[in-house]
Every structure is written in C-alpha cells, then in structure tokens.
Amino acid sequence: MLQEFVDNLLAVTKESVKTFTYESLNNIARLINGVSALLLAFLPGKSNILEGASGWELRPTLRGPRLPRWMENGVSSFNEFIHELSFDSSDAESTSEYSTHGDDEHEDPMAPPSPLSTSSRLSRTSSFSKYDRRLVRFVKYILSWMLWPITLLLWSPLVLLQLFRPRPGRSGASATVGRKTVLVKEHVVQRATDRRRGVFEDLQLAIEMFIESVFEMVQKVAHFILSPTEAGNKVYSWLYPHANGNDEGSDSDTDIPIQTATIGSENPIPTQRQISYPHYLNTDSRTCEDVIAELGYPYEKIKVVTSDGYILLLERLPRRDSQKVVFLQHGILDSSMGWVSNGVVGSPAFAAYDQGYDVFLGNLRGLVSREHVDKNISSRKYWRYSINEHGTRDMPAIIEKIHEIKTSELSKTPPACPRDDLPPDQPYKLSAVCHSLGGAVILMYVVTQRISNLPHRLSRLILLSPAGFHEDLPLVFTVAEKFVVLLGPILAPLFPGLYIPTRFFRMLLNKLARDFHNYPGLGGLVQTLMGYAVGGDSSNWLGAIGLPHYNMYDMPGVSFHVALHLAQIKRSKKFRMYDYGRASTNIEAYGSPEPLDIGANYHLIDIPVDLVAGKRDRIVPPSMVRKHYRLMRKGGAEVSYNEFEYAHLDFTFSHREELLAYVMSRLMMEKGNSVKGTSVRLRKLKKKGEMVAEGEITAAS
C-alpha cells in the first residue's frame, strides 16, 4: 500500500513538473516573440522588406498549454480556463489570415506544420465575444499567473483522492477502454503531424525526457528502500548471475524483433523484422530528388566530372524523345532545389516539363561535402576556385554531358515528329534559363567557347537578374568589397570557403528557420535585419534559409575566391575574369597583363538573349542588367530586356505566374517551337529601335 502511494505521488509530481516546465518554455517563447515585435516596431523601412514574406504580420499566434495525462479524465474549471486562455474561435479565424502556421492551405510547402500548431488547432473549443476580447484575455492571463501556485496546492489532494478511489467494475472497465481508444486516436494524429522542426519543440522534448529519466530513477530508488526483499534478490542476482537456471542476461527490450504480417499479402505468415525509427534530430534534409518524386514527376540523377576532378550533380526530369531541351542553372548559395521549391504550379522546372521539354537542372561546384575524384582532397585545395572555373570547367562539362545524353537517346529512339531544321550532329534545341551568378557563368561560357572556336550548343539564353556588373550597389556591398579586396591575401588561406562549418550549427539553422515561421515577431525581426544586410532587398530570406538544401549533412557554400572575384568586378566596373594579381600570371592565363573582359566580347554572342531585371532587386539592380543590355546591343547581339516588380530571390523562390508565363513564351519563340493560340506583344523603350517583350501573353486573334 505504501509503495502504491509513493508511485502515485511521484506520478502526480512528475506530471506537475512537466506541465510547469512546458508552460515556462511557452511563456519564454511568447516573451521573445513579443520583445522582437517591439524592436521591429522601431526599425525604419520594415514594411518594404517584410513584403517579401507573403502574409507576414507582427501579431503572434499564442498556443494553449497542453494538459497532462492525469488531468484528462477530470479537468477542473480552472485548468479549463488556462487551457482556453490563449485563443478563441473568432481569434482563430483572424489569425489564420496572418499566421504562417494557422492553416495548412496557406502553409509554406517547404516548411511543414509544427506539432504545437497542430495541437493548438485540435483544441480550439471556446468562444469569446469580439467586444473587448483583448482586455479580457490580458486580465485572465495576469490572474492565471497569480493564482497558479495556490490552485496547484489546493488541487493536489483532490487528485490524490481521485487516484485512490476504488473504480467500479464493469462500467469503469468500459470507460477505460473507451478512453484508451481516444488516446490511441490522438496518438496517431499527433504522430502523423509531428515534425518537431523548431528549436523550442526540441527543447521541450529534451526537458520532458530528462524529467522522465529523473523520476524513473527516483522511483527505482524508492522501490529498493520500500522493498528490502526485492532489493536483496536483485543484488544477489547481480553478484551470482549464473545461480538461476534461466538466462536473464539480456534486459534490452529494444532489440526484440516484432512479429508482423502484411494484410492482404500472399504469404500472411508473420515474419520478423526490425523496427527502425526516424532520426531523433528530425531535421528536414530532403533533396531535389525527394521533392520531384513526391510530386509524381520522373527523375534521373547524373554525375558529371569536370576536367579538374570536381564531381557535379546534374539532375533531370527526362523526356527522352523530346527535341526541346531546357537547362536551368541556379545562382550563388543556391542549388537546383530553387527551381522546384514552389510545387507543381509555381516551379519553372515543372512548368517546362509540362510543356514538353526535357529538363536538366545544373549544380555548380561548392558543397560542404566536397565531391571530388580525390576523396582526400583538403578543404583549402577544394575551395581554390573562382567564377572562372564555373564558366570554363563546370559549364562545359555539364553542356557536353547533356549533348552526349541527348544525341545517344535520339539516335536510339527517334521522335514521333522529327524536326528538319536541326543538324545531324545536334538533333535538339538547348535553351538555358539562369539566375544571378548562373547568368554570369553562362555568359562567360558562351564567350570563352566562341573565342576558342568551340561549339557552345545553346540556342537561347534567358537570364534572370544576371550577375556580372555590380558597381551600382548599396553601401553595405561597397564596404564588403573594400574589406575583401584589402584583406584578401590574408583571409583566403584562413577561410577558403564561406559556409556553416559544423553539423551542429547547420542543424541549428535548419531548426531555427522553423521557429522563425512559428513566431512571426521574431521572424519579422530576422527578415528585416537580413534585408538590411543586403541593402534593403525584400526577398523572402526566411523562406530561402528554410529550404532543405541547408541541412546538417550538406549545404551550398561559396569559395572565398568567388567573393574576391565579385569584389574585383565591382571595383573595376567591368565584367571580366579573375585577376590573379600579377601580370605574369595573367599573361600565362589570358595572354595579356589584364584579365579577359567578357563584356567587351559580347559581339561574339550569336544566339538570342532575354534579360530580366527586378525593380526591387538590390543585389543586382536593374541598372546593372541594363548595362548588359547596352553592351549586347552595341555588339550587335539579338537581345531583349524586361522588368518585373520583383526582388532578387523572387525569380526562383517565389511563386510568380507572370514570370513563368514570360519565360515559357520566350522559350517557345525559339525557331521551330510553334506557339498555338498565343503571341507576345512588343513595346518600345525610350531609345529608338530597342524592342522588348512584355511579360504578358495575349490570345491570338
């Protein structure tokens, strides 16, 4: 009897401690969110920056506390009052409009709902009137904190009496069975939605596990003290393990195989299989392959080896018999994930595939995993490359691999409607859509291939906010440029690559990205500060860092020499190749003391180029894209220019229907690609004779 009383007392105390810690952590989160919202209210220019995160508001969605298990059968009015304190049904409707975790339909597809938001939605049952509900909620919140210790002390004896009260026989059993059914159902719902991506969720789980282990140890000690005979037998079994006839050496229940059978299988005899559970850290490490396969599209992975030994990942949505091929190239600190991150409707890769294109997704060198033929390559040697290597080694290897694949496939399986305007050595049309640094890389590739009298195999370029000219940038980038150029020789050996160095901090970033979505005050502050850091660009930076390619196992990084190369371009006000700092080295590499000027050789471009700029872009402003346009026009290239109301990341990460319509219209303008029922209107710029396509497709009469 005494042992049972101690067990019940420990159970009540354990649940009370768990509830107290849960509420304390929840209130700390509310405090951080509130202070962040207060600081955000005083920051200038936040409205423009916060436009990048769609539907962002500063008002947090407060979550109700979770009731412990011993309160579920008989909840006091006070605990119901606490449980219903943080929300009401009318407030739930309003918060669903601005909360990033209030409704699954408005949820970011790359950021699944947190368990706290799910449990909060399942328990919203109360309803207050709209009249003065904020004041009522505030008063109740203050009273709950004042009366919580008194209520806990008064309620504990009642709980003990209820625990020791004898249960009725049959009715009690049926009630227990019914309750167990409900608990199983709730467990299934919670398990199906439990992602625990945020730091706060993981911290709460760790604290709960710690409390469980402490009370389990205390309970075992109490059993030894209250049961001397059992304690003596246990000590005797430890001292003389072979005294008993049976072998009880293995106490582990976790390794016992479970008898299982699959319903509906041809052989229903139970078989033994080991149950494996997901990784306890529970981070989002999905790959581009996972996203594509999940949406039902075909996928193919291709390894490309460059001439200097780097292993690149070329991904594909294959249409093997298609003679229309499009190549998508990402920008700096990005990967192919950016082209598929908006789902079926808003992603350029899926839009091109649905239009009959064979889609290839390129990935430049520069991963933390350091993919190279030399498995023991050092970090300093791996990150020793600039934009030169992207344009003269990565891109030729990728384009030639695409050419090899398409030539082989089309020779084996000719298309149903072959085109007569294609040469036999290249029976397909290859267009490239590139963003940011990818645009500069593809331009460098085309120019250097033409100088070397080698085929570039491209038929059209669509460049979204292409890098290459950077003198017209905010003060932040000017300071960074002077810092990098001045200290480059010192910093390059110390920091050869710019990335998050350890798995722990990469995991922390992955989880913090979810917390920034859960707590909009904190997220808004981080979004604004990141916008300040890049000169006021209003891209959805929080959504970008929440992409799965920033995970604990791998992430795209930037070589310090790439950053130095961009600083050299900004200082020289020319789009030119890497300056090695010595005339002799430059002569050896380029045949002249100065690096090769790519912009001065735009007259070599022999394919149509479509330039697209963002009016809200502060990283590659429209003035810099127009500089590309002027030099191409001067060199006689066939080029068009257009602007959209976008920031820098909106070209790939955000869902923009007008951009997709424009890109697809330019792809279909390629000779031989007929566009049925559509036409592209052209408008004149201020300068005479300069034509540019609008981003609107109109029905042909």
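Reply: The model is predicted, so local features need pLDDT of at least 70, side-chain atom pairs count only at pLDDT 80 or more, and totals for chains, interfaces and linings use all residues. Residues are numbered from 1 along each chain as its sequence is written, and side-chain values use heavy atoms, without hydrogens and water.

Me: Which residue in E12 is the bridge partner of Asp-610?
Reply: Two strands pair if DSSP finds at least two bridges between them; strands (E, at least two residues) and helices (H or I, at least four) are DSSP runs, numbered from the N terminus. The partner of Asp-610 is Ser-640 in E12. Strands E11 (residues 609-614) and E12 (residues 639-644) run parallel, joined by 6 bridges.

Me: What pairs with E11 in the parallel sense over 4 bridges?
Reply: That is strand E8 (residues 460-464). Leu-463 has Leu-611 as its bridge partner in E11, and Ile-462 has Asp-610. Ile-462 is also the bridge partner in E8 of Val-433; 5 bridges join strand E7 (residues 429-435) to E8, and these run parallel.

Me: How is a crossover's handedness assigned, and which helix lies between E7 and E8?
Reply: A crossover is right-handed if, with the strands pointing away from the viewer, the path from the first strand over the helix to the second runs clockwise. The chain goes from E7 through helix H15 (residues 437-451) to E8 in a right-handed β-α-β crossover. E11, helix H22 (residues 622-635) and E12 also form a right-handed β-α-β unit.

Me: Which way do the residues of E11 point, and are they buried or exposed?
Reply: In a regular strand, side chains alternate between the two faces of the sheet. Val-609, Leu-611 and Ala-613 point one way from E11, while Asp-610, Val-612 and Gly-614 point the other way. All are buried (under 20% relative accessible area; exposed is over 50%, partly exposed in between; 1.4 Å probe, protein chains only).
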